[in-house]
Amino acid sequence: MIKAVMVINTQGKPRLAKFFEYLPLEKQQELIRNVFGVLCSRPENVSNFVDAESIFGPDSRIVYKHLATLYFIFVFDSSENELAMLDLIQVLVETLDRCFKNVCELDIVFNYSKIHTILDDIICGGQVLETRSTEILRAVEEISKLEAAPNAITLIPKSASGWLSR
Amino acid sequence: MGSQGGFYQSKEFLDLVKSIGEARSKAEEDRIVLGEIETLKRRISDPDIPKRKMKEYIIRLVYVEMLGHDASFGYIHAVKMTHDDSLLVKRTGYLAVTLFLNEDHDLIILIVNTIQKDLKSDNYLVVCTALNAVCKLINEETIPALLPLVVDLLAHPKEAVRKKAIMALHRFYQKSPSSVSHLVSNFRKRLCDNDPGVMGATLCPLFELITIDVNSYKDLVMSFVSILKQVTERRLPKAYDYHQMPAPFIQIKLLKILALLGSGDKQASENMYTVVGDIFRKCDSSSNIGNAVLYECICCVSSIYPNPKLLESAADAISRFLKSDSHNLKYMGIDALGRLIKISPEIAEQHQLAVIDCLEDPDDTLKRKTFELLYKMTKSTNVEVIVDRMIDYMISINDNHYKTEIASRCVELAEQFAPSNQWFIQTMNKVFAHAGDLVNTKVAHNLMRLIAEGFGEEDDTADSQLRSSAVESYLHILGEPKLPSVFLQVICWVLGEYGTADGRYSASYITGKLCDVAEAYSDDETVKAYAVTALMKIYAIEIAAGRKVDMLPECQALMEEFLASHSTDLQQRAYELQAVIGLDAHAVESIMPSDASCEDIEVDKALSFLNGYIQDSIEKGAQPYIPESERSGMLNISNFRNQDHHEASSHGLRFEAYELPKQTVQSRIPPASLASTELVPVSEPMYVRESYQTTIVPSASSDAGSTELKLRLDGVQKKWGRQTHSPATSTSSSTSQKTVNGITQVDGSNTSNSRTRETYDSRKQHVEVTPEKQKLAASLFGGSSKSEKKPATGHKIPKPSSHVVEKSHARKSSMEIASEKKASFQQPPDLLDFGEPTVKSAAPSVDPFKELEGLLEPTTQVASDENHGSTAAAATKSPDIMGLYTETHAGTYDKDDSDILSGLSNPPVTNMFGGTTSMQVAQSSKGPNLKDALEKDALVRQMGVTPTSPNPNLFKDLFG
């Protein structure tokens with residue numbers, strides 16, 4: 001299963017962190033720091049895989065992708081395939097890109113909750129749930145529509161929600 | 001699509017993010033974030049904030065927490081938001097809650113109800129959101145509340161909901177397999193879902209289930225194969241294509257499942273060959289995802305029953321991976337090769353060069369993977385190369401975790417495949433020298449044993465060659481600066497055992513070297529202790545050989561220093577060394593037989609060597625030891641105490657019914673004033689016991705003690721209630737206990753009792769006997785009582801009939817001895833309160849009982865017969881209420897032992913038994929049995945027991 005998803009910028013600032021098993025706050029910070037420490041010391045043009053047992057304990061690997069100013073990092077165990085995880089990062093990034101048109105670091109910072117929504121659609125409880133970015137986008141759009149609707153916040157009564165769903 | 005806005009964010013939040021982004025130092029960032037927290041704290045508690053604002057505040061809180069600052073003050077607000085009717089607010093609430101809380105957080109209970117409601121909602125978006133939360137927040141206890149709802153959702157018309165419901169159910173299974181085991185069939189059913197996405201999701205839980213129990217899913221092989229076939233034939237909707245591959249993620253999962261199902265099952269495997277072969281052919285190896293599928297195919301092929309054609313395709317794919325320029329593919333290739341060589345070892349050869357390239361690659365990940373492969377490939381023919389490579393790499397890295405791992409691998413390979421002893425020792429030296437203290441001390445002990453025992457063949461010359469080559473290399477290595485402690489210990493040990501064995505080096509040369517070590521590493525007591533013991537061995541060998549021993553001046557200086565060392569361990573070793581040097585050849589020979597480190601030590605657990613001493617004492621009028629089973633006048637404090645403290649210690653759920661509060665008797669009658677006879681109606685106890693034992697585990701003899709007390713109180717109980725127990729009770733009881741044992745001080749000071757109480761709490765666990773409790777105790781204390789018992793009983797004056805000579809493995813028994821010895825060192829601090837001198841004075845050679853009785857006499861007329869537990873009646877004049885307990889069952893004695901040892905900090909008790917222990921030990925080390933003691937001790941040292949001053953093993957035993 002997937003243990004964590006992180007997005008860290010090249011300066012080591014976390015932009016997104018989602019742990020699928022609960023970890024105390026300090027531990028999360030420590031892990032983020034350690035992961036960044038490992039990644040930033042890796043040379044260019046090497047593999048996207050890192051052995052993470054010294055950071056996350058036995059049976060854990062990291063796959064990361066360095067895009068522009070960001071590291072996208074997935075931490076997972078041996079029940080996943082490294083190359084497939086690399087493509088899952090690709091799915092995430094493609095989805096973000098479609099969502100924000102030329103996604104950049106700022107989009108991720110400013111749309112914090114939206115990113116979480118997208119991620120929740122892709123991964124659920126540590127398992128890969130959806131890999132079609134069109135499908136993910138549709139779900140996100142549906143929620144965005146609600147938000148865009150005037151007075152959406154106060155005016156969606158329970159009776160109307162039934163109408164929305166079908 | 002693609003709108004920048006969408007999710008509402010205020011200018012304030014943007015500003016916050018910007019200012020954090022621009023912060024030039026961590027301190028500045030912290031300052032900004034702390035300011036933000038203050039603002040949020042203020043605003044969030046305002047009851048009238050509009051929901052839209054509130055939503056944003058919560059997002060800001062999440063953000064703040066991601067940056068590592070505590071936002072717990074806002075958790076409750078996030079929980080409140082989940083209750084909201086508006087979907088957007090609710091979503092934000094759920095998002096925040098899943099990020100903030102763990103499944104055991106107190107606030108979860110407030111959310112469960114909301115989740116229940118939301119799972120029933122008409123709006124599938126609400127349901128999905130709730131299911132997301134379910135995956136993260138539900139623990140074993142709350143599963144039943146949601147399980148039916150989630151199961152219903154498996155049939156929801158929306159596939160998005162069905163998918164998430166499967167994931168939630170899977171999560172339940174992970175949290176608590178038993179609670180959903182009856183629903184596992186649902187996963188099978190969903191495998192046939194119309195929607196491929198749902199089917200794909202089902203593969204996740206099925207994969208896990210199959211991993212646990214392959215055999216119950218063999219029937220699904222054909223289904224999986226046909227699904228995989230359909231997927232590869234592009235029968236799924238176009239939408240599932242990813243980079244021109246049909247549903248690759250589903251393919252990968254299916255291949256993983258097939259690998260499990262086909263493992264070692266020829267019949268099942270045969271069904272898979274065609275489809276796997278198809279994938280090999282169709283797979284697009286130009287895309288990343290195509291290679292992912294290919295890799296999974298290789299894994300599958302190497303796991304299922306081998307098929308030559310498939311193996312060939314797999315080998316082809318591997319060579320393509322290895323030849324690729326991509327490091328990722330090389331990595332996968334190396335990994336795949338590692339899997340395949342288990343089946344066909346010969347394919348490794350054609351990739352030799354590629355593997356060597358990977359070994360020299362600058363990419364660390366790839367290098368490590370390659371070492372893993374090499375580790376798997378090691379044979380006796382290539383072990384030298386591989387281990388040398390590994391050691392070189394080990395020297396070059398700084399990552400301690402990996403260094404440790406690779407060091408242990410080197411050791412393992414070297415032990416398994418070493419071509420020669422010489423090489424083995426050299427290799428171990430390198431590993432120790434470079435990985436030093438990262439190496440497990442076990443490895444060091446293994447090495448020592450190996451040198452001592454040789455390689456198992458009955459070839460003495462080879463063994464002694466091995467030893468002398470070890471000695472030689474160590475003498476050489478000692479010249480290097482700054483060696484790791486573990487390595488030095490090995491060196492000292494080997495030099496001590498075998499330094500002079502082959503006659504090439506003189507004793508004075510070796511001792512000189514050892515002294516150098518002790519001086520050079522003067523801050524490492526363990527090394528110093530090893531050095532001293534090594535010196536002692538060298539001298540012992542010299543003396544035994546009839547040569548005259550001349551201590552080097554530097555050695556003498558060193559001994560002077562150690563004799564005054566702060567470390568009692570070092571001190572003792574130094575004194576022993578002195579003592580050994582003063583002995584004659586014959587004595588030394590029996591204390592320290594040369595090259596006997598591998599001999600088994602016979603531990604005379606019954607302490608039969610004390611028989612003569614005991615005989616003497618009895619002749620002088622001491623009372624004989626009465627075995628527990630025959631004792632009747634013994635009261636069990638611990639039980640009694642247990643009752644007293646029961647409430648305090650068991651705050652959790654109690655599973656057994658409350659017993660009648662026996663202790664009330666005590667509180668009713670102030671101990672000092674009561675005449676003990678009054679309290680001891682002889683006939684009653686019997687009756688009590690019967691009734692009592694029905695409720696409590698019958699076998700525990702200790703219960704009997706408490707029973708009596710309890711009976712007495714029958715009528716009183718309701719009036720007095722439990723809270724009346726006063727500390728006075730415990731005081732008196734402990735006092736009386738002491739006298740009963742006839743061992744020590746009768747002062748029974750109250751101060752110490754308060755300390756006693758705490759430790760008694762833990763003891764209770766052993767005594768109150770429901771199986772649940774025992775389990776709990778076992779888990780809490782790691783069965784400490786059991787292990788404790790051994791050394792304690794060892795010290796008891798044994799029944800002469802029970803000579804148990806235990807022949808255990810040398811190492812083990814020596815540990816025991818060591819711990820016994822330590823126990824005596826431990827005592828003094830605890831004893832202070834109680835007049836340590838008493839114990840001390842009792843120790844040497846004078847009959848301890850006698851002396852103690854003497855001490856008792858002034859205060860009380862405790863007759864000696866009562867002391868030794870003859871019977872209850874004798875108690876008449878004992879102090880306080882002790883008469884009350886004299887009646888109690890003797891069997892409790894044993895229980896006490898273990899309990900007492902488990903709490904060394906427990907002063908009065910330690911006194912009682914600890915007193916005994918130290919006396920016995922004192923006898924053995926200072927009394928007439930000096931020789932025996934030395935001998936034993938010598939053996940301990942010889943076995944290479946780590947001589948750190950506070951023996952860690954002892955504490956491990958004692959405290960679980």
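How many residue pairs are in polar contact across the interface of chain B and chain A?

## Polar contacts and salt bridges

This is a predicted model. Across the interface of chain B and chain A, 22 residue pairs are in polar contact, with both residues at pLDDT 80 or more. The side of chain B that touches chain A draws its largest share, 8 residues, from helix H3 (residues 51-66) of chain B. By type, the residues on this side of chain B are 38 nonpolar, 22 polar and 24 charged.

Between chain B and chain A there are 5 salt bridges. B:Arg171 and A:Glu21 meet through their side chains in a salt bridge, at 3.7 Å from N to O.

## Extent of the interface

The size of an interface is often given as the accessible area lost when the parts come together. For chain B and chain A, the buried area is about 7,200 Å². Carbon and sulfur atoms give 57% of that area. Chain B brings 84 residues to the contact, and chain A brings 76 residues.

## The second largest pocket

The volume of the second largest pocket is about 910 Å³. This pocket is lined by 42 residues, and those closest to its centre are A:Asp59, A:Arg61, A:Ser78, A:Ser79 and B:Arg339. The lining consists of 12 nonpolar, 10 polar and 20 charged residues.

Note on methods: Residues numbered from 1 in each chain as written. Chains lettered and ligands numbered in written order. Predicted model: local features only at pLDDT ≥ 70, side-chain atom pairs only at ≥ 80, totals over all residues. Heavy atoms only, no water. Contact = heavy atoms within 4.5 Å. Buried area = accessible area lost by both parts, 1.4 Å probe. Salt bridge = Lys/Arg side-chain N within 4 Å of Asp/Glu carboxyl O. Polar contact = N/O pair within 3.5 Å; in protein donor to acceptor, adjacent residues only side chain to side chain. Helix = DSSP H or I, 4+ residues; strand = E, 2+ residues; numbered from the N terminus. Nonpolar A, V, L, I, M, F, W, Y, C, P; charged D, E, K, R; others polar. 1 Å grid on protein atoms, 1.4 Å probe; cavity = no way out; pocket = protein on both sides within 12 Å on 5 of 7 lines; lining within 4 Å. Points joined across faces, edges and corners; volume = space filled by probe spheres on them.
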